[in-house]
Amino acid sequence: MTENKPVKIYLYTRFERLWHWFQALVIVILIITGLEIHGTYSFIGFQTAVRIHNYLGLSWLTLFAFFVFWLFTTGEWRQYIPTTRKLFLVIRYYAWDIFQGKPHPVQKSAHAKHNPLQRLAYLGISAMLLPVQMVTGLLYYLYNDLQGLISLPILAGIHTLVALFLLNFLIIHLYMITTGHSVLGHIAGMITGWEEVFETAEIEDWETKAVRKS
Amino acid sequence: MQIDTKKRMGTIPRSFHRFISAEPMEMPMKKRILSIYGLAAALITILLCFLSPALAAMPENAEDAPGRRLARQAVKDNKQWTTTDHKKMEILNKDFTSGEEITRACVSCHSEAATQFHKTIHWTWLASGDKSDLRYGKAGFSVNNFCISGNAMEDKGCLGCHTAWNQKGVQGEVNCLKCHNSSGFNFDEAFSDIRGFSEDDDPEAHEMAKDIQQEIKKAVGKVGFPDRKNCGDCHFNGGGGDGVKHGDLDTSLTKPNRMLDVHMGTDGKNFTCTRCHTTVDHHIAGRIYTNPAVDSRKSLIEDDLAPKITCESCHSAIPHKNDSKMNDHTDVVSCQACHIPSFARVNPTMMLWDWSKAGKMKDKKPYVEDGEFKKPVYKTIKGEFKWEKNVIPEYFRFNGSLTSTTADDTIDPGEIVKVSWPVGEKSDPQTRIFPFKIHRGKQPYDKVHKKLLAPILSGPKGFWTTLDMNDAIERGNKTLGITYSGEFDYAKTTYAVPITHMVAPKENALACTQCHIRETSRLANITDLYMPGRDQFRLVDTIGWVSVLGAFVVVLLHGLGRFFIRNGRED
């Protein structure tokens, strides 16, 4: 596999990185405080947890609107268009090929930062789970002012379920970042913006080659 | 489309430029670490900016709470003023030989006082205020599970708390000094002493009588508005002794500190009872059996003539700080539920009274056995007791009304009879979750007619003298005009007492997790609402946690797999 020469490409802009880490911190704190509110454990105190949870949730909701605006004005939303092309190759890679040291079937590029599996997962997160969580969270927050319009148990049930799904995502996500060409490769990419990728021969048109530094 | 990396980086400030424009692969380790720290620092700064208002709001600076501000305005000037000095009134500067004479002196100026007072429950002992409706009241069919019945004012032992002179009940004359005696002087004792000394031939006794006469005159000159002790003489001793009945009312409130009652504390606001229990025509604001204290909760801003009897009167319905989640509670949870963390915090209160154990003798004599708190746990004449201190209330939905089982109502002796029980539907806008003392007891009932019985207790033919329950019941029920079959047994009963006094300072109010918690929630019995922290849906939690655990297991196995076969690399 001589063609697998590692190269570095500038993949994540400063805004993307900042947004990613801001969102990561917010999600982690929301999960920690949220589970305390749910009664799973007692950690920083219920009242403090509620205050932080409400404040972060509302802040995130506001900033998310700006993020969505950014997504559409920059055209970055295209990164999330789902595709089945190479999807099964990617699945096979993580299920089997990775153990044999085979290369990743999809090359990352500035125009295609996500592989088909990621696209599907992130679309699900950004377009489904997060909006559902934000809407149920907002309604939960406003519950008392919307007397009789909504059922708190149903809201709380959905909010809890989605929160645990997000925790599920977080665990897999944290693990998947270790599957780069080195264990810290992906995380370094999200910190510096420069991602180390393998140069593969099979880049297709739709994946669009990025400018590489080598 | 090609993206020019150089162009992109043109927008990056110089300081960052040197980190990323150089060959990243060759970037010195030190610098790379610096850039990581830089990003982390930026993130933390951003996050702190977001969190700081939340953290700053953490210590409740309640000085700003609108409810406190309002209340402080409502009670700003505590000075009472009057145009009358009773010491200078001619009609009071004479020798009184009986209580009735004092009352006549009072009404010679306060012409409507007695007429007004005759219509109040403090006089009639009937909730209706009307002799034709005997259903509720100590003078009617009402019973409790303490001393059970007032026996239509025939049980003279009860009349010590009636507002007539010399235990004469409604046949007597109003004893104004029962409530307006500001000196603490014992008029009853003084008059009986004077009678005693006057009949004596000894001139020294006559001198003593004169002295007492002067003391009476002095005490009469000090009449005034009722203070805590006036009300407390009866209400702190409800049920026949200190703290027996209420739990939130006992002699510790005569001179409480603010830790015991933040409003009445002598080191705080020093409220008298009448500061909240405001009065119109001698009718004192407060709940009367099934009648709530108020029809609707209004603040003095909404209705400046409303009684000050509810917390909302002075504190409004949104008393906490503007952004406080606590304000979202006030439509469901009463103020008392959180602000009275426990009752009987100084003196113990009785929690159980078992009449079925009464009548046991020791050496053929009635006896008393003291237990914890130096309070009786057994009395031959009364039965078995349980006392508790710092009692955590039980919580029920309550719209201000209590249902009562009277001596005239049919009961199911197989069940615990609710002699008094809170009423409140979740849908009723007046209903709040409210704290209660639940006094449990065993008391006699008619096995044939299935009604609670009303034994007469004091007096020469009362149970306390004869220890003959059957006879006491027969005499007692006769006073009420309710037939007794002659067969009785003991039924288990509960009596709910709303807990509304002994409001603690705000720092002692309940923490969220007294209720918002899985196992030990104080509101465990209120199941018709969803409470975060207490409630969960088993299905939701199971699906969610299985998915989380599943992810964890898959990731672990996958990782171990990669580790052991070294990602397929041969090395």
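Modeller: Two strands pair if DSSP finds at least two bridges between them. Strands are DSSP runs of E with at least two residues, numbered from the N terminus. This is a predicted model, where local features need pLDDT of at least 70, side-chain atom pairs count only at pLDDT 80 or more, and totals for chains, interfaces and linings use all residues. Residues are numbered from 1 along each chain as its sequence is written, while chains are lettered from A and ligands numbered from 1 in the order in which they are written.

Biologist: Which residue in strand 6 of chain B stands opposite B:Tyr378?

Modeller: Strand 5 of chain B and strand 6 (residues 383–388) of chain B run antiparallel, joined by two bridges. Opposite B:Tyr378 stands B:Glu384.

Biologist: What is the bridge partner of B:Val368 in strand 5 of chain B?

Modeller: Look at strand 4 (residues 368–370) of chain B and strand 5 (residues 376–379) of chain B. They run antiparallel, with three bridges. Their hairpin has five residues between the strands, and there B:Phe373 takes a positive phi near 60°. The partner of B:Val368 is B:Lys379.

Biologist: Do strand 9 of chain B and strand 11 of chain B run parallel or antiparallel?

Modeller: Strand 11 of chain B covers residues 488–498, and three bridges join it to strand 9 of chain B. B:Val417 stands opposite B:Thr493 here. The two strands run parallel.

Biologist: How many bridges join strand 8 of chain B to strand 9 of chain B?

Modeller: Strand 8 (residues 401–404) of chain B runs antiparallel to strand 9 (residues 417–423) of chain B. B:Thr403 has B:Trp421 as its bridge partner. The number of bridges is four.
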